[in-house]
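Subject: Structure handover

Hello,

Here is the structure I promised to pass on. My notes on what was found in it follow below.

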Amino acid sequence: MRYDPPRPAGRLLLTPDDTEAPARTRRLRRLGLGERPEPALDAFAGHLASLTGTPYAMVNFLGETGQFFAGLRAPEVGPVAKEDGTRPVMGRFLPRDHGFCPHVVARRKALVLDDVRDYPRFAGNPVVDEYGVHSYLGAPLVDTTAMVLGTVCVADVSPRPWGRSGLETIKAAAADLVVRLQAPETGGLPF
């Protein structure tokens, strides 16, 4: 007999299927992306964090096994303490069911969450509890082959009314970055 413990109450985890993951992984490898941190993408994430005034900014590539932040700007320790007093440290890898970028990739369009707790689908996401993320703004990186390579996103530990200017900022950042990632003269790097 097998026993599967019940899911904790309030945890509605509906990570979308990603049928393009194998093709995306191959495309990212051809571009030399998604397997190691890139200092230029870290700089891009830092610029995006500064531009939006957020503690978190990422250039995220989604593969078959999860998400990889090739560009990352995050506090050294999470701004929100856990019950035991420790503060989480964000690494470069997250499972597919953590965060909101898999939804951006599946939707193929930007996602604006002023307060993730207002949406049952997103409120139970592990990054809400583990990192204190309460707002999110992300846009897909759609290349010239119409493949969604990943996302550019920012997150905050407080609710934020992103508004039209926030949406335009993240979409413009994604459009600019995807052109730079594919440019042979830059070797696939943004700067």
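**Aromatic pairs**

A search over the whole structure, which is a predicted model, turns up three aromatic pairs. In one of them, Phe-100 and Phe-122, the ring centres are 5.7 Å apart and the planes stand at 80°; since planes over 60 degrees apart count as edge-to-face, the pair is edge-to-face. Phe-100 sits in the loop between strand 3 and helix 3 (101–107), while Phe-122 belongs to helix 4 (residues 120–123), so the pair ties together parts that are 22 residues apart in sequence.

Six strands form an open sheet in the order 3-2-1-6-5-4, and the pairing is antiparallel. The edges are taken by strand 3 (93–94) and strand 4 (111–113); each has a single partner strand, so one side of each has no neighbour in the sheet. Strand 5 (residues 135–142) is joined to strand 6 (residues 148–156) by eight bridges, again in the antiparallel sense. Within this pairing, Ala-139 is found opposite Val-152 of strand 6.

**Helices on the sheet**

Helix 6 packs on the sheet and touches strand 1, strand 4, strand 5 and strand 6. The direction of helix 6 makes about 35° with that of strand 5. Helix 2 lies across strand 1 (56–62), strand 2 (67–73) and strand 6, and runs at about 65° to strand 2.

**Helix 2 against helix 6**

How do the two helices run relative to each other? The axes of helix 2 (residues 39–52) and helix 6 (residues 163–182) come within 12 Å and cross at roughly 165°. Angles over 145 degrees count as roughly antiparallel, and the two helices are therefore roughly antiparallel to each other. The crossing is right-handed. From helix 2 the contact is made by Leu-41, Phe-44, Leu-48, Leu-51 and Thr-52; helix 6 contributes Thr-169, Ile-170, Ala-173, Asp-176, Leu-177 and Leu-181. By class, these are eight nonpolar residues, two polar and one charged.

Regards

Note on methods: Residues numbered from 1 in each chain as written. Predicted model: local features only at pLDDT ≥ 70, side-chain atom pairs only at ≥ 80, totals over all residues. Heavy atoms only, no water. Axes fitted to C-alpha atoms, helices over the stretch in contact; angles between N-to-C directions. Helix = DSSP H or I, 4+ residues; strand = E, 2+ residues; numbered from the N terminus. Parallel < 35°, antiparallel > 145°, perpendicular 65-115°, else oblique. Left-handed = near helix turned anticlockwise from the far one by under 90°. Contact = heavy atoms within 4.5 Å. Nonpolar A, V, L, I, M, F, W, Y, C, P; charged D, E, K, R; others polar. Pairing = 2+ DSSP bridges. Phe/Tyr/Trp six-rings, centres within 6.5 Å; stacked < 30°, edge-to-face > 60°.
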